[in-house]
Amino acid sequence: MSRSRGPHEKQSRGGGVWLSGNDVDECGGEAMKCEGVTAKGKRCRARAVGGSRTCLLHTPGEAARLGARGGRARSFRLPVEGELITPPTTALSLRDFVAEALAKVRGGTMDVRIGNCVGQLASVLSRVIESATFESRLAALEAAEKMRASCHDR
Ligand SMILES: [Zn+2]
């Protein structure tokens, strides 16, 4: 039976590896090496791309484009206009918060580093929420037990 391709299949083709200059040509033999020269005056060791004799960085026009790209990536981009968020304090709100951050990073509207930071803080927060929840439920149980015991004494 033939199933139509889902909408996600286009995206799953390994994203973003095309920038790597150190790809090893697995088909054996020397991959075409770039003929460019690095800033240090050494021969560029990156692989030449698609029929040209230079790598992406040494293809005229590409460097500026990639540079601009890198420049944008390096500049620190806060989430939309420094939006104020309500800090998640429950597992449920944390789930939504992390899911939203994930979608924003994937969609390119959140800086990857902010996404990483969110991930790390979220994993700490998730453990804290877990133990805090446990703690308050235990306290409630203990209080109820105390109440019951003192009623029983009378
Ligand atoms: Zn090069």
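Visitor: What makes the order of elements here α-α-α?

Guide: Reading from the N terminus, the chain's elements run α-α-α, with 3 helices and 0 strands in total. Helices (H or I, at least four residues) and strands (E, at least two) are DSSP runs, numbered from the N terminus. By the way, this is a predicted model, where local features need pLDDT of at least 70, side-chain atom pairs count only at pLDDT 80 or more, and totals for chains, interfaces and linings use all residues. Residues are numbered from 1 along each chain as its sequence is written.

Visitor: How do you know that the span of helix H2 agrees with its 17 residues?

Guide: The expected span is 1.5 Å times one less than the number of residues. For H2 (residues 91-107) that should give 24 Å, and the end C-alpha atoms are 24 Å apart, so the two agree. Just past H2, Gly108 has a positive phi of about 85°.

Visitor: Why is Leu121 called partly exposed?

Guide: A residue is buried with 20 or more other C-beta atoms within 10 Å of its own, exposed with 12 or fewer, and partly exposed in between (C-beta atoms are placed from the backbone). Leu121 has 13, so it's partly exposed. Leu121 sits in helix H3 (residues 112-153). Across the chain's 154 residues, 5% count as buried.
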